[in-house]
Amino acid sequence: MHPQQDPDRRARLQAVAAEALAAAKVGEDAVAVDLVTGYLSGSPEGNEEIRELVLLLFSECSEMVAALGSGGATPVKMQVFDEDGQEVPIDDADPPVRTAIRTLLAEVHGDEEAAAEQIEIALANGQPQELATVVLQALRWTVKLAAECQARDLPVAPWIATALEE
């Protein structure tokens, strides 16, 4: 768990994330992002809660990457694609995508402070579209990693598995 938070707050953030994951799974990207940014930005601790929720998603992604990578037949590979489906070098990706990648890589390497710094940069930037891209990337990766972990009978956080049940 990132910053120490009370169980009720964590449960509420997981509930919001679960709704957003369910929307992202069925391709309702705008609904998914709005659930995270719209709902939480209206709360008294808006940006702090958005930060915690996004870091929660990246932390869960990191756990799933670790599960897939340990003993998995296929290593986990990070790739970025453009609108035409062509692979793009990570350094040439759009800034919010680079932020998402750096956040996930920091989490995978156990550097929670660097991961939090990346999300702070996205929040401080103040550009809603950039923050939406980071949020959407976290949601998409969570959905895809959870599906892959489930297909390989690897652990997935119960709240994520429940959110993505069909």
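Does Thr99 count as buried or exposed, and at what relative accessibility? Thr99 counts as buried, because its relative accessibility is 9%, under the 20% cut-off. The model discussed here is a predicted one. The protein chain has 166 residues, of which 46% count as buried.

**Overall fold**

- The protein chain contains seven helices and two strands.
- In sequence order, the elements of the protein chain run α-α-α-β-β-α-α-α-α.
- Among contacts in the protein chain with a separation of 6 or more, 67% join residues 24 or more positions apart.

**Nonpolar core**

- In soluble globular proteins, nonpolar side chains tend to be buried together.
- The largest nonpolar core here is made up of 54 residues.
- Leu21, Leu57, Phe58, Leu139, Trp141, Trp159 and Ile160 are the residues with the most contacts inside this core.
- Two or more residues each come from helix H1 (7-25), helix H2 (29-41), helix H3 (46-69), helix H4 (95-108), helix H5 (112-125), helix H6 (128-151) and helix H7 (158-163).
- The most is given by H6, which puts twelve residues into this core.
- With neighbours within four places in sequence left aside, Trp141 is in contact with Phe58, Cys61, Met78, Ala100, Ile101 and Leu104.

**Helices H4 and H6**

- The axes of H4 and H6 lie 8 Å apart, and the two helices pack at an angle of about 45°.
- H4 is therefore oblique to H6.
- The crossing in which H4 passes H6 is right-handed.
- On the H4 side, the residues that meet H6 are Pro96, Val97, Thr99, Ala100, Ile101 and Leu104.
- On the H6 side, their partners are Glu130, Thr133, Val134, Gln137 and Trp141.
- Sorted by class, the contact of H4 with H6 comprises seven nonpolar, three polar and one charged residues.

**Helices H5 and H6**

- H5 and H6 have axes 7 Å apart and pack at an angle of about 150°.
- H5 is therefore roughly antiparallel to H6, since the angle is over the 145 degrees that this label requires.
- H5 and H6 cross in a left-handed manner.
- Ile119, Ala122, Leu123 and Asn125 of H5 make the contact with Glu130, Leu131 and Val134 of H6.
- The class count for the contact of H5 with H6 is five nonpolar, one polar and one charged residues.

**Thr99**

- Apart from neighbours within four places in sequence, Thr99 is in contact with Gln118, Ala122 and Val134.

**Asp153**

- Asp153 lies in the loop between H6 and H7.
- Most residues other than glycine have a negative phi.
- Asp153 is not a glycine, yet its phi is positive, at about 55°.
- Asp153 counts as exposed because its relative accessibility is 72%, over the 50% cut-off.

Definitions and conventions:
Residues are numbered from 1 along each chain as its sequence is written. This is a predicted model: local features need pLDDT of at least 70, side-chain atom pairs count only at pLDDT 80 or more; totals for chains, interfaces and linings use all residues. Side-chain values use heavy atoms; hydrogens and water are left out. A nonpolar core is a set of buried Ala, Val, Leu, Ile, Met, Phe, Trp, Tyr and Cys residues joined through side-chain atoms within 4.5 Å. Buried means under 20% relative accessible area, exposed over 50%, partly exposed in between (1.4 Å probe, protein chains only). Helices (H or I, at least four residues) and strands (E, at least two) are DSSP runs, numbered from the N terminus. Contact means heavy atoms within 4.5 Å. Axes are lines fitted to C-alpha atoms, for helices over the stretch in contact, and angles run from 0 to 180 degrees between N-to-C directions. Angles under 35 degrees count as roughly parallel, over 145 as roughly antiparallel, 65 to 115 as roughly perpendicular and the rest as oblique. A crossing is left-handed if the near helix is turned anticlockwise from the far one by less than a right angle, and right-handed if clockwise. Ala, Val, Leu, Ile, Met, Phe, Trp, Tyr, Cys and Pro count as nonpolar, Asp, Glu, Lys and Arg as charged, and the others, Gly among them, as polar.
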